Every structure is written in structure tokens, then in C-alpha cells.
Amino acid sequence: EYFQSFTDAVKEDNFADQLFVFDEAMFVLDKLKKRSYVDTVIKKFISLTTCTEHFATYYLCDISTCSVENLDVIMEMTVDREHILVKVLVNNLDTEKSSLNQNSRRILEKLNFTTCPPRHELLYQRLLEKLEDIENPSVDDYRLIVKIFRQSNKARKEMDPFAVFMTWRRLILASAIVCITSFIIYFFFKVED
């Protein structure tokens, strides 16, 4: 109950409190092998709209220093919101340009590049660009990057035909509006002459 009261008091934008309950839960998991505290933290963070993103972004600002156990719990927190991990990777790859570290590789292996949510498509695209710019990838990094690009390309090829139709329809509609507007402006000014 004592831990629950601390966890319940956590706010979406208070990293210090988030870090405290996360570290306490991880300590109990490590020393006492009790997972219930971790589950409580995950449930609380997920229940708050931006808490998981806020915490993961700050906690993983230097992804190379995170333990595998902590990273696994954060990946569990973000399982339904993979874009958070994509954002973390993009931020980390700004400084990590020569190769991938173990934690970046671990996240990349878990991400699903075949179903990129449309509203996060640009973020995924930025990640692909960052991966492409890695200067000296190891053989394992290279294999992983190729696998990711294949998944991404496969997803694009299998794009929903209805979505493609709607995109073309919007483009045609926009072109028609421009033409009609131009005609009206031309006609209006020609009549006044």
C-alpha cells in the first residue's frame, strides 16, 4: 500500500517522481524477485496519457547506459506505442553515428516496421534515414538494418489499395479546386476589363 500511494501520486510530467517509483520497482524485482511493483508502475504510466512517452524519452536520453532489465520493462510499457521507442532511437542516433550499441540493436530487433502507423510515418522515415547514415556498421548491424529496410519496403508494397485511391482522389480534388479558383479569378478580372 505504501508503494501504491507513491505510484498513484505520480504525474505525467514529473520525471523525478516517475524515476523514483521506477527505480524502486526495479530494485524490488532485482533483490526480492517480486514483479508486482513493476506491474503497478507499468499500469500507472500507461494510464496517464503522456507519462510513458515522457518517462521513456528522458530515461533513455542516453540509451547505452540503460540496463537490459530496465530496457525490457520500458519496452513492455511501450508495446502498444512503439513510436515512443522510434523517437528515442532517432534522438540517440543523432549522437551515435558510427555503429549501433547493444540497446539500440535490442529495440530495433523488437520493433515492427511492417505496420507503421500513418500518423507516425515521418518519425519512422527519420529513423530509416538515421540508420542509413550509420558510418561503420558492424556485420550484425548491417544485417539488422537490411532486415528493417526489407520490412519497411514490404509494408509500402502491400499498402492498402483503398488508401492509395483516397490519396489520389485528394490530389485530383485539390487540383480541381485550384483550376476552378483560377478560372473564377480569371473570369472575374476579365469581366471588369
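The model is predicted, and its largest nonpolar core has 44 residues. In soluble globular proteins, nonpolar side chains tend to be buried together.

**Nonpolar core**
- Within the largest nonpolar core, the residues with the most contacts are Phe 22, Leu 60, Leu 108, Leu 111, Leu 127 and Leu 131.
- Two or more residues each come to this core from α2 (15-32), α3 (36-47), α4 (51-59), α5 (68-77), α6 (83-93), α7 (102-110), α8 (121-132) and α9 (139-157), and the most come from α6, which gives seven residues.
- Leu 60, one of the core residues with the most contacts, touches Cys 66, Leu 71, Ile 74, Leu 85, Val 88 and Asn 92 when residues up to four places away in sequence are not counted.

**Leu 29 in helix α2**
- Leu 29 belongs to helix α2 and has a relative accessible area of 23%, so it is classed as partly exposed rather than buried, for which the value would have to be under 20%.
- Leaving aside residues up to four places away in sequence, Leu 29 touches Lys 34, Arg 35 and Val 38.
- Although Leu 29 and Glu 69 lie 40 residues apart along the chain, their C-alpha atoms are separated by 9.7 Å.

**Lys 33 between α2 and α3**
- Lys 33 sits in the loop between α2 and α3, and with a relative accessible area of 63% it is exposed.
- Most residues other than glycine have a negative phi.

Definitions and conventions:
Residues numbered from 1 in each chain as written. Predicted model: local features only at pLDDT ≥ 70, side-chain atom pairs only at ≥ 80, totals over all residues. Heavy atoms only, no water. Core = buried A, V, L, I, M, F, W, Y, C linked by side-chain atoms within 4.5 Å. Buried < 20%, exposed > 50% of the residue type's maximum accessible area, 1.4 Å probe, protein only. Helix = DSSP H or I, 4+ residues; strand = E, 2+ residues; numbered from the N terminus. Contact = heavy atoms within 4.5 Å.
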